[in-house]
Each structure stands twice: as C-alpha cells, then as structure tokens.
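Hello,

Here is the structure I promised to pass on to you.

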Amino acid sequence: MIAALGAATLIPAVSQADEDLYFGPQVGLYFPASSELRDALGDTWFSFGASFIRDTHMPDRRWAHDWQVLSRRDKGNKLFIFTGSFGYVASLGDPEDNFEPYAALRAGLSYMDYSIDLAGDYKSSKRLGFNANAALGVNLNRRVNIELRYDLFSQQDELTFDGLSLAVKVGLVRF
C-alpha cells in the first residue's frame, strides 16, 4: 500500500522531466494541533521525507508534488503517517533572485498506522485517509528550501492528526 502511494506521487515527476530537478532529503519538526496527541506523543515530532527542487526559477504558477513521513513513539504509543500530495505552487518573488518565496496548496492521500492510549481509551488502526496542506516557503540558491506548512488530515477514530511543520529540503542528486 505504501509503495502504491509513493508511486502515485512520482507520476507528476515524469511530466516535469524536461526541467532540471534536484532530489534530496527533507527534515523538520511537526507540532500537532490536538492536545490529546500532544499528551500521548509529545509536543514536537520529528518529520522526514523526500522532495524535488528545481534548479531554475519557478514560473509564476506550477503543479508540484511532495511527500512526507511523520513518525513518533512515546509513552508506549506509536504513530506513523506517510503522505503523498499534489497541488499548486505560486512564486511570490522575483524569479531572478536566489531568494524566491512561494505559496503552495496541495492535497493527497495518507497512510496512517497508529496505536494510542488516551487515558484508557485505546485506539489502533492502519488506514488510508485524506490530506490537504498549505505552505509558505523560500527557495535559496535553487538547492535549499525552507517551508512552513499546515496539514489537515481526515479524522480517524475521533483522532485529529492536523498540525504545523517547519522543514528544510536539500537538493542533492540532479535529474
């Protein structure tokens, strides 16, 4: 299931094959909005993923994809979310600058695997859900990207996984 979700997020990369792209890691911090999840798993979670970064300036607007993994274990509770999303990115700066801000709106699917005890109310499942995310970011020198993003997830077992993340993406391998 995870492989199929990952493959679906790579399909848009084929349509961008005529562009110079760098592929690389994404690392960051995730701050869950739900007080129940903060109590069960902590206030801040580590996030990681992978992303493509363009070597050339962005046009005013374009389609783009992204994927992210959230993983957390604490106090006997565990959570794993793999999200692949696709959406619209708009440049907010001068394309000739090495500092290019942007805004993004994306949507996609998330695979959720969780086992959480909320004061005696045990919730555990492996499910697919929906994701929508909005982001503000900046591309630096066409190889580094810093992004502030808010994710909305479909509710599972009355749990809300929504939250804010701050991530850094680095383009390492050129396609």
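**What I found**

Glutamine 68 is buried, its relative accessible area being 1% (buried means under 20% relative accessible area, with a 1.4 Å probe and protein chains only). This is a predicted model, in which local features need pLDDT of at least 70 and side-chain atom pairs count only at pLDDT 80 or more, while totals for chains, interfaces and linings use all residues. Residues are numbered from 1 along each chain as its sequence is written, and side-chain values use heavy atoms, with hydrogens and water left out.

Glutamine 68 sits in strand β3, residues 61-74 (strands are DSSP runs of E, at least two residues; helices are runs of H or I, at least four; both are numbered from the N terminus). Beyond its neighbours within four places in sequence, glutamine 68 has contacts, meaning heavy atoms within 4.5 Å, with residues including Gln26, Phe48, Ile81, Arg149 and Asp151.

Now for the chain as a whole. It has 2 helices and 9 strands, in the order α-β-α-β-β-β-β-β-β-β-β from the N terminus. Of its 175 residues, 47% count as buried.

Best wishes

Note on methods:
Buried < 20%, exposed > 50% of the residue type's maximum accessible area, 1.4 Å probe, protein only.
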